[in-house]
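This report describes the structure shown below.

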Amino acid sequence: LLVLACIFKMLATRSIARSNGFRNAATINLRRLPRTTIPRTTTSIYKQVPTTTRGIASGTSLGRFDVNQTSIDPQTVVYGVIGLNIAVWGMWQVYSSQRQGLRMMFQHFTVSLNNLKQGRIWTLVTSCFSQKELGHLFANCIGLYFMGSTMIQVLGIPGFLFVYFGGGIASSLLHVIWENSGKPSRGRRLDVPALGASGSVMALMVMFGLTFPTQIIYLNLFIPVPAIVLAAGYVGYDLYSALRHRSDGISHAGHLGGAIFGCLMVALRRM
């Protein structure tokens, strides 16, 4: 985490150097939300992105980035984030067969009230890079690749990392709060640990939907849906499921935490 913090600080303060062209666009997907085929776009998303865009909030330390000028390829940063998720998934595969190793992974790579009470505050972040199942990893990495490749061009590298970490932390916090509200009931227990990059991906997806609302996404490869409708559909599904306390192994409250963070960032950009 200290290394990541240093890299983030370096990227936020280093001088801007060479130019980068936009890359081919693709699509988005989320974690283990409603199971749909990975959507795709009909035209290049980047054709709608202006040459110079504003950061998260002008006038702040994350404001005014020229996304065409950077000494680091933005796509390399996206690959780096995906690589960290894959690395932690690999750790789950190695340690899951070991009692002490499995305990270590739950203590340091899942977020829960118990972990926070034990002083493991870093789990608010490490859980955002943690997937135990291959399908979960694949869905989140697909979302990170397509959504991240677009939004890093809009936000710049520091802005993209800010949204990834901020959306993940917001997701972790809302999950812990929601899971420990109310009383245990049949089929539901309190303080269920959570993991996954879905909160971060949800933040990026909501920002994408609000930034490019009319961009057509193809669900199941043939159903055209405007990006804003897709984002609203995911948020509505998570809200409905969270209020009903559905025990389906998905942190719907965590997804909503990421979505709320994404909405706030779009609002700040437009101020």
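Where does Glu133 lie? Glu133 is in the loop between α5 (123-126) and α6. Helices (H or I, at least four residues) and strands (E, at least two) are DSSP runs, numbered from the N terminus. The model is predicted, so local features need pLDDT of at least 70 and side-chain atom pairs count only at pLDDT 80 or more, while totals for chains, interfaces and linings use all residues. Residues are numbered from 1 along each chain as its sequence is written, and side-chain values use heavy atoms, with hydrogens and water left out.

**Two partly exposed residues**

Glu133 has a relative accessible area of 45% and is partly exposed; buried means under 20%, exposed over 50%, and partly exposed in between (1.4 Å probe, protein chains only).

Phe106 belongs to helix α3. Phe106 also counts as partly exposed, at 37% relative accessibility. Leaving out residues up to four places away in sequence, Phe106 touches Trp92 and Asn115, where contact means heavy atoms within 4.5 Å. Phe106 and Ser96 are 10 residues apart in sequence, and their C-alpha atoms are 9.9 Å apart in space.

**Nonpolar cores**

A nonpolar core is a set of buried Ala, Val, Leu, Ile, Met, Phe, Trp, Tyr and Cys residues joined through side-chain atoms within 4.5 Å. The largest one has 45 residues, and Met151 and Phe160 have the most contacts inside it. Elements that each supply at least two residues of this core include α2 (74-95), α3 (99-109), α7 (198-211) and β2 (216-219). The most comes from α6, which gives 13 residues. Beyond its neighbours within four places in sequence, Met151 is in contact with Gly156, Leu204, Met207, Phe208, Thr211 and Phe212. A second, separate core has 5 residues, among them Val111, Leu124, Val176 and Ala194.

**Helix pairs**

| Pair | Axes come within | Crossing angle |
|---|---|---|
| α8 and α9 | 8 Å | roughly 140 degrees |
| α7 and α8 | 7 Å | roughly 140 degrees |
| α6 and α9 | 7 Å | roughly 140 degrees |

Angles under 35 degrees count as roughly parallel, over 145 as roughly antiparallel, 65 to 115 as roughly perpendicular and the rest as oblique. On this scale α8 and α9 are oblique to each other, α7 and α8 are oblique, and α6 is oblique to α9.

A crossing is left-handed if the near helix is turned anticlockwise from the far one by less than a right angle, and right-handed if clockwise. The crossing of α8 and α9 is left-handed. For α7 and α8 the crossing is left-handed, and α6 passes α9 in a right-handed crossing.

Residues of α8 that meet α9 include Val235, Tyr237 and Leu239. The residues of this contact divide into 7 nonpolar, 3 polar and 1 charged; Ala, Val, Leu, Ile, Met, Phe, Trp, Tyr, Cys and Pro count as nonpolar, Asp, Glu, Lys and Arg as charged, and the others, Gly among them, as polar. Where α7 meets α8, the residues include Met202 and Phe208 in α7 and Ile228 and Tyr234 in α8. Contact residues of α7 with α8 comprise 10 nonpolar, 1 polar and 1 charged.

Conventions. Axes fitted to C-alpha atoms, helices over the stretch in contact; angles between N-to-C directions.
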